[in-house]
Structure formats: structure tokens, C-alpha cells
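My notes follow in the order I made them.

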Amino acid sequence: MVTGQPLPLRVAAPLAVAAGLALLVAFPPYGVWPLAPVGVALLAAAVHRRRLRAGAGLGFLTGVAFFGPLLAWTNLHTGYLPWVLLSLLQAGYLALLGAATAWVSPLVDRSRWAWPALTGLLWVGQEALRDRTPFGGFPWGRLAFSQDTSPLLRLASLGGAPLVTFVVALVGGFLVTAAWQGWVAARATPQDDVSHADGPQGGTPGRRWAPVAVPAAVAVALTAGGLLVPVATAGSGATVTVAIVQGNVPRLGLDFNAQRQAVLNNHVDATIELAAQVAAGAQRQPDLVVWPENSSDIDPLRNPTAGARITQAADAVGVPILVGAVLLGPGAGEVRNVGILWRPGVGPDLEQLYAKRHPVPFAEYVPLRDVARMVSDKVDLIRSDFVPGSTPGVVRAGPTVLGDVICFEVAYDEVVRDTVIGGAQLLVVQTNNATFDVAEARQQMAMVRLRAVEHGRPALMASTVGVSGFVAPDGRVSDATGFNTREVVVRQLRLDDGTTLATRLGWWPEVALAGLAAAALIGAAVLRRRQRVMPA
């Protein structure tokens with residue numbers, strides 16, 4: 001290969017596909033987290049020194065190989081077309097990343113040690129854009145969400161998901177720096193000019209391989225260094241005993257709510273059985289019971305039978321139940337996805353009601369319905385559009401203040417943080433995985449783990465079908481349930497009122513990193529312009 005040229009396309013294209021597959025395997029249900037920076041490195045190598053169009057094409061290849069399998073759970077009950085369109089849309093953002101990475105190649109060639117930082121910044125910038133566009137964005141597949149068992153998870157307490165993503169990509173940048181220098185050194189001869197643009201190649205073998213060993217060692221040190229970040233292993237406040245009721249559904253799929261009464265009955269009956277176990281001394285008395293999203297798809301405020309059944313469960317167990325319900329209104333043809341506190345002897349506490357703030361487009365409401373119908377007639381299964389709530393999910397449930405978020409909202413930084421700023425001591429994710437599979441549920445649990453560390457709070461996920469479980473402030477999962485099973489788990493948790501640095505900083509780490517990414521793109525433009533006007 002001629003020095004100063006990109007990798008041959010016959011090499012770069014397979015590298016781009018391998019990058020996507022490495023990223024995929026880093027995420028649950030596989031969970032091989034070290035492959036995330038490897039995937040970052042492979043894509044960076046594939047697009048280095050390429051033209052923008054080629055960089056975008058290779059980034060798109062990575063995106064298809066990554067998002068296609070990662071989001072395969074979206075096609076289980078809706079047909080292939082929505083899954084394909086969503087995967088291609090998400091792959092488009094990696095195409096932008098590939099083009100941006102190719103664009104900053106002159107900066108990398110000017111200073112090889114800038115490669116890691118540029119790689120990290122561009123990944124954060126790409127995710128910041130993808131998390132917000134279009135229709136509020138879709139943050140699934142952020143690098144940070146692949147690190148639920150990694151030492152780097154601890155960095156979430158300092159700067160949230162953006163900082164974790166940055167360091168994962170930074171490690172990938174060091175890996176590609178080491179690999180590129182190693183490729184150059186392997187082709188070097190002692191007579192090569194040591195001032196070559198790709199770095200020193202001549203001299204003694206030790207000196208020749210130093211540019212390889214140093215960035216590789218830094219990559220390892222950065223990853224291991226995550227263990228030095230202190231995180232709480234448990235709260236420092238009062239204790240509370242919480243029960244998660246996973247009632248299960250009659251059958252998985254989009255028609256799970258065709259038997260809405262059966263789903264509600266499953267959760268009522270499981271709670272009454274818990275009450276019987278408590279009365280018999282076989283189970284600890286909870287202070288709070290959490291039901292999942294869609295545990296009552298019958299509006300219990302308008303349907304007396306549904307309301308009576310929930311009241312029966314609350315009175316039996318003798319403590320409040322956080323019920324995931326669908327409420328009709330406020331307008332005609334509108335519904336709300338809510339968590340509502342149901343107190344024994346009282347019934348629904350309308351003062352402690354959280355309406356989902358970030359409904360999912362094309363799943364809970366249909367923008368451009370006429371156009372969407374041409375893509376899939378499944379959109380007409382959504383007869384009423386869910387309307388968003390306007391206030392954070394801060395629910396005061398007696399002995400504790402809950403930070404309630406519903407389903408995919410756990411992926412959105414500000415939705416979770418707003419509850420902690422509002423006083424939440426325990427993070428609660430109510431979700432319904434009956435239309436998906438266990439891979440999606442485990443990916444969602446990885447997000448819960450990051451949120452627990454990010455905000456130094458105990459957390460839990462309550463699902464209709466699994467996976468449900470508790471998460472400690474250091475990210476450890478306890479009492480995780482199986483999938484497509486009926487289970488009740490009870491655990492004593494220690495609460496916390498403190499705030500992490502990530503909670504206090506909020507979105508500023510992402511703003512700073514994305515701003516630096518924009519500056520890098522501008523800097524590359526300036527350098528490219530200078531190179532064009534320089535005399536030969």
C-alpha cells in the first residue's frame with residue numbers, strides 16, 4: 001500500500017461489517033463488552049483517509065450489521081418492513097459518523113495522538129444527534145449501554161451515559177492508533193525515513209514498536225482505571241421493602257392486550273398470593289408493591305370492575321401499589337400511559353400519578369398516520385394516540401419517593417434525571433416486554449444498571465413478562481426473574497438522598513463533548529483548505 005492512502009476497499013469493507021458485528025456482540029444478550037471499543041477501532045480504521053462518500057458508505061455498512069440484529073426484536077409481531085426501516089434509519093447515523101471520521105483524517109495524520117480523542121468526540125456527537133432526531137430520537141444502541149458489566153460503567157456517576165460512551169470510543173481510538181502503527185511498523189525497513197507521516201519506523205526494534213505498545217497500554221489502563229471510580233454499593237438512608245409483581249400475560253405478541261382482563265387478573269391474583277404468604281410468615285411484609293406497565297390496560301378510573309380488582313389487591317397486601325395503567329382521555333381519541341399509586345382503603349391517589357412524557361412514535365402514537373399506513377397496516381392497531389405527560393415521574397409512596405419512568409424512557413437521560421432532581425430516592429422502570437423478547441428485556445435492564453450508577457440510586461425494573469429485578473447503586477442486579485413467567489420478588493433496599501456529580505452536571509458533559517466534536521469538524525475543514533492552497 002502507498003503510504004498516505006486509505007486501506008484498500010477490499011479490506012475496509014469487511015472491516016466495516018466486522019465493526020458492526022463486534023458492536024452487536026458487546027450488547028446483551030451476548031454481553032461481550034470489550035468488543036465495543038474493538039468495533040469502534042475497526043470502523044475508524046476502515047474510513048480513515050477516505051472520501052466523504054466512501055466514509056459514509058462504510059459507516060452505513062457498520063450500522064446495518066449492528067442495528068439490524070440488535071433491533072430484530074422489533075419485527076416479532078409487526079412484520080419485517082418496520083424493522084428494516086428503523087434499522088436503516090439508525091444505520092444512517094453511523095453513515096454520518098463514518099463521513100465525519102473520514103473528514104477529520106487530516107487532523108489524525110497531523111497528530112496521530114489526536115486520533116483517540118477525535119474518535120471519542122465524534123461518537124458522542126453522533127449519539128447526541130441520534131438520541132433526539134427524528135420524533136424525539138431513539139437512543140437504543142448507545143455505546144454506554146453495552147458496558148453494564150464493564151469497569152467503565154462506574155464512569156456514569158461522573159458524567160452519565162455521554163462520558164461512558166466517550167471513554168469507550170476513546171479506548172477504541174487508542175486501539176486503532178496502536179493497530180495502525182503496528183501495521184506501519186510491520187512493513188517498515190531499517191532504511192525507512194523516521195520522519196514519515198505515519199510515525200517512526202526505523203531504528204531499533206524496541207523503538208519501532210513503542211508507538212504500538214504505548215497506545216495499547218493506555219487503552220488497557222483506561223479500561224481498568226474505571227475500577228478506581230468510587231460508587232456506592234448501597235444507599236445510606238432508611239430502608240424500604242419493595243415487592244415486584246410480574247404477573248405474565250396469556251400470550252406474547254401485539255394481541256396480549258386482547259385479554260386485558262386476564263392480564264389484570266394475573267397481577268391481582270399474584271399480589272393476593274403474596275399477601276397470603278406474608279400472613280403465613282413465609283414472606284417479608286413489603287412497604288410498596290410495583291406492578292409493570294400495562295398491568296391494567298382497562299382504565300381503572302372508569303371501569304368499576306377493574307378498579308375493584310385493584311382495590312382488592314391493595315387491601316389484601318395492605319400497602320400501596322404502583323399500577324401501570326392506560327387511562328382514557330384527556331381528549332377524545334386520546335389515552336395516557338401512566339403509573340398511578342393505589343392505596344389500601346383509599347383507592348387511586350390522583351395526586352401521585354405519572355403520565356409517560358416520551359411516548360414512542362409509531363408504537364404509542366402515529367405521526368404521519370396516512371403515510372405510515374402505506375408502510376404497514378399494523379399502525380391501525382394503535383387506534384388512539386398516547387398523549388405525553390408534562391411533569392417528571394416523582395411519586396411519593398409513603399416511606400419512599402419514587403422516580404418513575406415507563407419502558408423506553410429509561411434510555412433518555414433527562415427523563416430519568418428529572419426524577420432524581422425532583423427528590424426520587426428509588427428509580428422505578430415500569431415496562432411491558434410482552435411484544436418483544438428476552439434480548440430486548442436484557443438490553444433494557446442494562447440501561448437500568450447504568451441509571452442506578454449514574455444517579456447513585458437503587459433501582460428496579462418491573463415487567464409484565466420479564467426480565468424484572470432490583471439493581472444496587474453500583475449496578476449489581478439481584479433477584480432477576482425469568483422471561484415469560486409469573487413471579488413475585490421481594491427485597492429490602494436502602495434509600496439514598498445524595499447526588500452524584502453526573503446528576504449535578506446534567507447534560508453539560510454531553511454539550512461540552514458534542515461542542516468539541518463540532519470544533520474538530522471545523523478544524524478539519526480549515527486544515528483541508530490550507531492543504532489545498534499550499535504550493536506543490
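**Entry 1: α9 and α10.** The model is predicted, and I read it as such. I started with helix α9 (residues 260-279) and helix α10 (residues 304-317), which pack with their axes 8 Å apart. The angle between them is about 15°. Angles under 35 degrees count as roughly parallel, so α9 and α10 are roughly parallel to each other. I also noted the handedness: α9 passes α10 in a left-handed crossing.

Which residues of α9 and α10 make the contact? From α9 I listed Q261, L264, N265, V268, D269, T271, I272, L274 and A275. From α10 I listed A306, R309, I310, Q312, A313, A316 and V317. I sorted the residues of this contact into ten nonpolar, four polar and two charged.

**Entry 2: α2 and α3.** Next I took helix α2 (residues 35-47) and helix α3 (residues 52-70). Their axes come within 9 Å and cross at roughly 155°. Angles over 145 degrees count as roughly antiparallel, so α2 and α3 are roughly antiparallel to each other. The crossing of α2 and α3 is right-handed. L43, A46 and V47 of α2 make the contact with G55, L58, G59 and T62 of α3. I sorted these residues into four nonpolar, three polar and no charged.

**Entry 3: cis peptide bonds.** I looked up the bond between P28 and P29, and this peptide bond is cis, with omega about 10°. P29 sits in the loop between α1 (9-26) and α2. I then checked G466 and V467, which are also joined by a cis peptide bond; its omega is about 5°. V467 is in the loop between β10 (459-463) and β11 (469-471).

**Entry 4: S146.** I found S146 in the loop between α6 (115-130) and α7 (156-186). Is S146 buried or exposed? Its relative accessibility is 0%, so S146 counts as buried. The S146 side chain makes a polar contact with the side chain of Q147, at 2.9 Å. I then set aside the neighbours within four places in sequence, and S146 is in contact with A26, F27, W33 and A36.

**Entry 5: P361.** This residue lies in the loop between β5 (347-355) and α11 (369-375). Buried means under 20% relative accessible area. P361 has 18% relative accessibility, so P361 counts as buried. Leaving out neighbours within four places in sequence, I found P361 in contact with F135 and P367. I also looked up F386, which is 25 residues from P361 along the chain. The C-alpha atoms of P361 and F386 are separated by 9.4 Å.

**Entry 6: positive phi.** Where is N294? I found N294 in the loop between β2 (288-290) and α10. Phi of N294 is positive, near 65°, and N294 is not a glycine. Its relative accessible area is 10%, so N294 is buried.

C407 is not a glycine either, and its phi is positive at about 55°. I placed C407 in the loop between β8 (400-406) and α12. At 5% relative accessibility, C407 counts as buried.

**Entry 7: α12.** I ended with helix α12 (residues 413-421). Its buried residues are D413, V415, V416, T419 and V420. G423 follows α12, with a positive phi near 110°.

Definitions and conventions:
Residues numbered from 1 in each chain as written. Predicted model: local features only at pLDDT ≥ 70, side-chain atom pairs only at ≥ 80, totals over all residues. Heavy atoms only, no water. Axes fitted to C-alpha atoms, helices over the stretch in contact; angles between N-to-C directions. Helix = DSSP H or I, 4+ residues; strand = E, 2+ residues; numbered from the N terminus. Parallel < 35°, antiparallel > 145°, perpendicular 65-115°, else oblique. Left-handed = near helix turned anticlockwise from the far one by under 90°. Contact = heavy atoms within 4.5 Å. Nonpolar A, V, L, I, M, F, W, Y, C, P; charged D, E, K, R; others polar. Buried < 20%, exposed > 50% of the residue type's maximum accessible area, 1.4 Å probe, protein only. Polar contact = N/O pair within 3.5 Å; in protein donor to acceptor, adjacent residues only side chain to side chain.
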